[in-house]
Amino acid sequence: MESMGWGDFLIVFACCAVTMLVCRTVPLFVLKGRNLPEGVERALGFIPPAAFAALVANDLLAPGMFDAGLWPAAAPLAAAGVVALVAWRTRSLLWCAVSGVASYALLMLI
């Protein structure tokens, strides 16, 4: 198998860059000044929490998470539980971050 040369790489890179630019900017210009239906706006509001949940779930629920033992796998889950409780009570991103870091640090000391 032949390796890719610089010319081929630059073509692929340029195509990817143009595609990303078009996909990110065209919707902004097309939808500027328009009112979206209420259902669409409500659905778009779920995108950031869903993306964040997917990132967190990927770190919390890894396929080999119990390979090192029960406690190394349970500590991040317990810290996530503390963060969920703090989020439910305070609705504050700052307190969620502080409680998550503090609870994880304390659980790692045990």
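What volume does the largest pocket have? Keep that question in mind while walking through the chain. The model is predicted.

Start with the fold. The chain holds five helices and zero strands. From one end of the sequence to the other, the pattern reads α-α-α-α-α.

Next comes the overall form. The C-alpha trace spans about 55 × 50 × 20 Å along its principal axes. The radius of gyration of the chain is 21 Å, whereas a compact globule of 110 residues would come near 13 Å.

Now turn to burial and surface. A residue counts as buried when its relative accessible area is under 20%. By that cut-off, 11% of the 110 residues are buried. The chain exposes about 9300 Å². Carbon and sulfur atoms supply 73% of that area.

The chain carries 6 positive and 6 negative side chains. The centres of these two sets lie 20 Å apart.

Back to the opening question. Rolling a probe the size of a water molecule over the atoms shows where empty space is left. The largest pocket has a volume of about 600 Å³. Its lining is made up of 20 residues. Nearest the centre of this pocket lie Phe52, Val56, Ala80, Val83 and Cys96. Which helices each supply at least two residues of the lining? They are α3 (47-60), α4 (70-90) and α5 (93-109).

Definitions and conventions
Residues are numbered from 1 along each chain as its sequence is written. This is a predicted model: local features need pLDDT of at least 70, side-chain atom pairs count only at pLDDT 80 or more; totals for chains, interfaces and linings use all residues. Side-chain values use heavy atoms; hydrogens and water are left out. Helices (H or I, at least four residues) and strands (E, at least two) are DSSP runs, numbered from the N terminus. The radius of gyration is taken over C-alpha atoms; the globule rule is 2.2 Å times the number of residues to the power 0.38. Buried means under 20% relative accessible area, exposed over 50%, partly exposed in between (1.4 Å probe, protein chains only). Accessible areas come from the Shrake-Rupley method with a 1.4 Å probe; for residues, only the protein chains shown count as cover. Lys and Arg count as positive and Asp and Glu as negative; His and the chain ends are not counted. The place of a charge is taken as NZ of Lys, CZ of Arg, CG of Asp or CD of Glu. On a 1 Å grid over the protein atoms alone, a cavity is a set of points where a 1.4 Å probe fits but cannot get out, and a pocket is an open set with protein on both sides within 12 Å along at least five of seven lines; lining residues have an atom within 4 Å of a point. Grid points are joined across faces, edges and corners, and a volume is the space filled by probe spheres set on the points.
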